[in-house]
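Let's take a walk through a protein structure, one piece at a time. Keep the 3D view open and follow along as we go.

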Amino acid sequence: MRMVAVLAVAALLGVSACGSGDDDTPPPSTVEVFTWWVEGGEKAGLDALVRQFTADCPGQRFENGAVAGGAGVNAKRELTQRMARHDPPDTFQAHAGAELIDYIDAGQIEDLTAYYDSWGLRGVLPADLVADLTVRGKIYSVPANIHRANVVWTNPAVLARAGITVPPKDLTAFIADLAKLKAAGVEAPLALGRDWTQLMLLEAVLISDLGPTGFSGLFTGDTDWRGALVAKAITHFTALLSYGNLDRDALDWPQAERLLIDGKAGYQLMGDWAAADLAAKGFPGYGWFTFPGNGKAFQWSADSFTLSTGAANVTGTECWLKTVGSATGQQVFNAAKGSIPARTDVPSTGFSPYQQSAMADWKSGIPVPSCAHGSACPQAWQTAVNAALTSYSSGKDGKILQSDLAQAADLFVRP
Ligand code: GAL
């Protein structure tokens, strides 16, 4: 977009846009930041980060390149097109872990290892996270946060009307509570959305049925996608879907969340960006619990920011990344975003009760990655799984779903 605009202006002025050799040309002072954070708690988080960037980086201006769509479904497509026409944003949001490897292998993002050293990031980020961010000895992004995916959000008033006052202890108890809600007249007790949100639900069920180690092994080749436990999880998943809204495939996560806010559903499984979003949308009285049967598993993902190869404004982007990685940047951003700081030295004061509980769980929990949010699998794998779930959602053949999932793993698992 921006390159097209620059070319158009250059043409009007009758100058060459590339390599004019004019040393008096001032360096660009806008940093285009590409995310999928456009509304509610997500926008509130981005706005807080931008305010900090403006204070930290005098002379630099934020340019919003956001593309709407939960989990970046549309943004990632748009980013691919921009990369193909050599028009990258200065920096873009990408999940730490497997998702970044595609950009690294394609030579689309720069090595930021030297910044880690000069900004002292290694000592203040968890060693496991730094290891997850390191590819062939180099680090290519700065994490802004840690999100948790395996959380169920509740509308306590709806649950109370059906006599439900305590969180279910396992999947069987959860399904029994969903049945109670249905019997109490709640048409769709579990708010559901499109493909990637269904993948989140399936992943949560897989964690319960396979345990954290078995689940993580699905993405390393150590656990068999064709096994009996995966079949069992698909049966549980199918039971859960039967308590959801029928228009699930047409809804993004905020629309499914609306069913919860409006009392049309009692529960929604969603990442903890929901904590900020529910508050931003005037529903601070939500309840939450870890997905039943997940025990101490903390399914994490981390939004991180990159420096694109060929970025127009490298100096400004460096300053953006420094703010993203700073203690103050992480404090203000995460307080508004629902996630917790990736840095370990940010005080917990000023964070919501949910976030304080997530901070404690992150310290004591068992980390497991997420395929829906890029820490476990690269994008092509995620796309294949989402497609399998979309066809399952209309066709409902569990055997075909399991075989589609297994075939996707055969193609993408990195030995
Ligand atoms: C995730 C991302 C979160 C949030 C969510 C919903 O992939 O890590 O920050 O934006 O998507 O859109």
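Before we look at any strands, here is a rule to keep in mind: two strands pair if DSSP finds at least two bridges between them. Also bear in mind that what you see is a predicted model.

Now put that rule to work. Strand β8 and strand β10 (residues 287-290) pair in the antiparallel sense, with 4 bridges between them. So this pair passes the test, since at least two bridges are needed. β8 also pairs with strand β9 (residues 267-270), again in the antiparallel sense and over 4 bridges.

What about the two faces of β8? In a regular strand the side chains alternate between the two faces of the sheet. Strand β8 (residues 151-154) has V151 and W153 on one side, and V152 and T154 on the other. These four residues are all buried, so both faces of the strand are covered.

There is another sheet to find. This one is open, has 3 strands in the order β7-β11-β13, and its pairing is mixed. At its edges sit β7 (147-148) and β13 (366-368), each of which pairs on one side only. Strand β11 (residues 297-301) runs parallel to β13, and 3 bridges join them. One of the residues to look for is F298, whose bridge partner in β13 is P367.

Next, let's turn to a loop. T35 is found between β1 (30-34) and α2 (40-56). Is T35 buried or exposed? It is buried, because its relative accessible area is 0% and the cut-off for buried is under 20%. Look around T35 and you'll find residues from elsewhere in the sequence touching it, including L46, G65, V67, Q93 and F305. The side chain of T35 also has a polar atom 3.1 Å from the backbone nitrogen of W37.

W37 brings us to the ligand, as it is one of the residues surrounding it. Others in that group include W36, H95, H147, W253, W273 and H373. Some residues put a polar atom close enough to count as a polar contact, for which the cut-off is 3.5 Å. E42 has a polar side-chain atom 2.4 Å from an oxygen atom of the ligand, and for D303 the distance from a polar side-chain atom to a ligand oxygen is 2.6 Å. A71 uses its backbone instead: a backbone N or O atom lies 2.9 Å from an oxygen atom of the ligand.

K337 is also among the residues around the ligand, and it belongs to helix α14 (residues 327-337). The buried residues of this helix are G329, Q330, F333, N334 and K337. Why do they count as being on the same side of α14? Because they cover an arc of only 105 degrees around the axis. Just after the helix comes G338, which takes a positive phi of about 95 degrees.

Now for the disulfides. A disulfide is a covalent bond between the sulfur atoms of two cysteines. How many disulfides are there? The count comes to 2. One joins C57 to C319, with an S to S distance of 2.1 Å. This pair links distant parts of the chain, 262 residues apart: C57 is in the loop between α2 and β2 (61-64), and C319 is in helix α13 (residues 314-325). C57 is buried, with a relative accessible area of 2%, whereas C319 is partly exposed at 21%. The torsion about this S-S bond is -95 degrees, and the link is left-handed.

The other disulfide joins C371 to C377, with an S to S distance of 2.0 Å. Here the torsion about the S-S bond is about 80 degrees, so the disulfide is right-handed. Both of these cysteines, C371 and C377, are buried. If you number the bonded cysteines in sequence order, the pairing reads 1-2, 3-4.

Our last stop is A162, in the loop between α7 (156-161) and α8 (171-183). Its relative accessibility is 17%, so A162 counts as buried. A162 touches K180, L181 and A184, leaving aside residues up to four places away in sequence.

Key: Residues numbered from 1 in each chain as written. Predicted model: local features only at pLDDT ≥ 70, side-chain atom pairs only at ≥ 80, totals over all residues. Heavy atoms only, no water. Buried < 20%, exposed > 50% of the residue type's maximum accessible area, 1.4 Å probe, protein only. Polar contact = N/O pair within 3.5 Å; in protein donor to acceptor, adjacent residues only side chain to side chain. Contact = heavy atoms within 4.5 Å. Arc of directions from axis to C-beta. Disulfide = S-S within 2.5 Å. Near = heavy atom within 4 Å.
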